[in-house]
Amino acid sequence: MSNDVKKRILSESMSLIFNHGVKAMTMDELARRIGVSKRTIYEHFEDKDALLIAILNRYKKLKEAQVNKISKDSPTVIHMFFNSVPESSTFTKIVSLHDEIKRYHPAVYTKMLHAEEKHEIERTKKFFEQGIKQGVFRKDLNVDIAAQLLRSTLRQLWNNKDEFFERHTLENIFGTFVVVFIRGCCTEKGLKVLEKLT
């Protein structure tokens with residue numbers, strides 16, 4: 001029973017955050033929606049920061065499961081890359097949540113950012129390694145450098161997003177990024193795949 005309540009708290013809090021933002025997810029509102037007391041919520045999560053960390057960890061697992069499914073269903077990593085790009089509305093929502101957590105819960109932001117950064121670098125290296133095995137990326141590609149460059153570029157865009165996304169759409173940014181970065185990693189086989197997808 002206790003585990004079921006915890007799952008309901010996580011599920012409802014995720015729904016609140018992704019539909020209404022971090023500030024909308026108060027313990028009072030959460031308790032009202034689930035039909036439990038605030039004390040019950042605090043029995044499972046010490047405070048809102050602890051709940052946010054649990055939500056972000058759950059979201060990370062769900063995202064990984066989605067990426068793994070896309071990977072299995074994609075003939076090459078280039079296909080997977082294109083199939084993994086979120087829609088503009090989803091991306092905008094993620095950016096907004098990212099900003100809210102950074103502003104209102106800096107300790108959570110710092111903790112999750114460091115953990116996520118290391119994980120993302122390793123996942124990106126595997127992406128390039130798999131592309132080399134598939135013959136769509138060049139064999140002489142230094143996967144460590146490529147992964148760091150990719151993450152640094154995305155981080156730079158993220159840090160300047162307010163000004164940047166006012167001038168350019170997500171589709172244009174992605175299109176340019178593919179031409180400049182991914183295309184340079186491709187073999188002839190990879191270029192043919194890329195041309196069919198763009």
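Student: What should I know about the model and its numbering?

Tutor: This is a predicted model: local features need pLDDT of at least 70, side-chain atom pairs count only at pLDDT 80 or more, and totals for chains, interfaces and linings use all residues. Residues are numbered from 1 along each chain as its sequence is written, and side-chain values use heavy atoms, with hydrogens and water left out.

Student: How many helices and strands are in the protein chain?

Tutor: The protein chain has 11 helices and 0 strands. These are DSSP runs, numbered from the N terminus: helices are H or I with at least four residues, strands are E with at least two. The C-alpha trace spans about 60 × 40 × 25 Å along its principal axes.

Student: And how much of the protein chain is buried?

Tutor: Of its 198 residues, 38% count as buried. Buried means under 20% relative accessible area, exposed over 50%, partly exposed in between (1.4 Å probe, protein chains only).

Student: Which elements have the lowest and the highest mean pLDDT?

Tutor: Helix α9 (residues 161-167) has the lowest, at 73. Helix α11 (residues 188-197) has the highest, at 94. The chain mean is 88, and 97% of residues reach 70 or more. pLDDT is the predictor's confidence in each residue, from 0 to 100. Where it is low, the predicted coordinates should not be read in detail.

Student: New topic. What lines the largest pocket?

Tutor: The lining has 50 residues. Lys63, Glu116, Glu120, Arg123 and Arg151 lie nearest the centre. By class there are 29 nonpolar, 11 polar and 10 charged residues. Here Ala, Val, Leu, Ile, Met, Phe, Trp, Tyr, Cys and Pro are nonpolar, Asp, Glu, Lys and Arg are charged, and the others, Gly among them, are polar.

Student: What counts as a pocket, though?

Tutor: On a 1 Å grid over the protein atoms alone, a pocket is an open set of points where a 1.4 Å probe fits, with protein on both sides within 12 Å along at least five of seven lines. Lining residues have an atom within 4 Å of a point.
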